[in-house]
Structure formats: structure tokens, C-alpha cells
Amino acid sequence: MVGERRVRLTEGHCMENGLHCPACGTYTTISDIIATGQCRNGGGRGDCDVHLHVDVVIED
Ligand SMILES: [Zn+2]
């Protein structure tokens with residue numbers, strides 16, 4: 001099943017420089033998410049198989 005959930009990043013995420021993976025809860029920095037597309041528990045390093053990416057939303 002393919003699903004998509006969105007998490008709005010806030011100033012708090014910037015102060016912590018990251019967020020907890022919505023799927024497994026592993027803390028991952030925003031730069032790691034951009035670089036790897038997964039959380040720290042994803043890919044070959046762990047068992048989390050969700051893909052994460054960061055979008056910038058432009059509203060007119
Ligand atoms: Zn995860």
C-alpha cells in the first residue's frame with residue numbers, strides 16, 4: 001500500500017535540527033533526510049523502510 005503523510009516543520013524542528021521519523025520514531029537530522037531520503041533507521045542501517053523527503057511549499 002502506498003500512502004503519503006505530511007509533517008509540517010516548525011521552528012522547533014529547526015532548533016533541534018531534525019525530527020523523529022513518523023514511522024519508527026528514530027531521531028534524524030533534516031540534512032540526513034535530504035541526503036539519504038530515509039531516517040537513520042532506514043536503508044541498510046536498520047529496518048525502517050519508509051522514504052522521507054523535504055518539500056518547500058510555495059503559496060501564492
Ligand atoms: Zn524511520
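The model is predicted. Confidence comes first. The mean pLDDT of the chain is 91. Of its residues, 97% reach 70 or more. Among the elements, H1 has the lowest confidence, with a mean of 90. Strand S2, residues 27-29, has the highest, at 95.

Next, the architecture. The chain holds 2 helices and 2 strands. Read from the N terminus, their order is α-β-β-α. Helix H1 covers 11-16 and strand S1 covers 18-20. Strand S2 takes in residues 27-29. Helix H2 spans 30-36.

What does the C-alpha trace span along its principal axes? The answer is about 40 × 30 × 20 Å. The chain has 60 residues, and 13% of them are buried. Contacts can also be sorted by sequence separation. Take those between residues at least 6 apart in sequence: 11% of them join residues at least 24 apart.

Is Glu4 buried or exposed? It has 5 other C-beta atoms within 10 Å, so Glu4 is exposed. The cut-off for exposed is 12 or fewer. Glu4 can also be placed relative to Cys39. The two are 35 residues apart in sequence. In space, their C-alpha atoms are 15 Å apart.

Asn17 sits in the loop between helix H1 and strand S1. Its backbone deserves a look. Most residues other than glycine have a negative phi. Asn17 is not a glycine, yet its phi is positive, at about 65 degrees. Asn17 counts as exposed because it has 11 C-beta neighbours inside 10 Å.

Past helix H2, the chain continues into the segment that contains Asp49. How many other C-beta atoms lie within 10 Å of Asp49? There are 11, so Asp49 is exposed. Asp49 and Gln38 are 11 residues apart along the chain. Their C-alpha atoms are separated by 7.7 Å.

Asn17 is exposed in the loop between H1 and S1. Asp49 is exposed in the segment after H2.

Notes. Residues numbered from 1 in each chain as written. Predicted model: local features only at pLDDT ≥ 70, side-chain atom pairs only at ≥ 80, totals over all residues. Helix = DSSP H or I, 4+ residues; strand = E, 2+ residues; numbered from the N terminus. Buried ≥ 20, exposed ≤ 12 C-beta atoms within 10 Å, placed from the backbone. pLDDT = per-residue confidence, 0-100. Contact = placed C-beta atoms within 7 Å.
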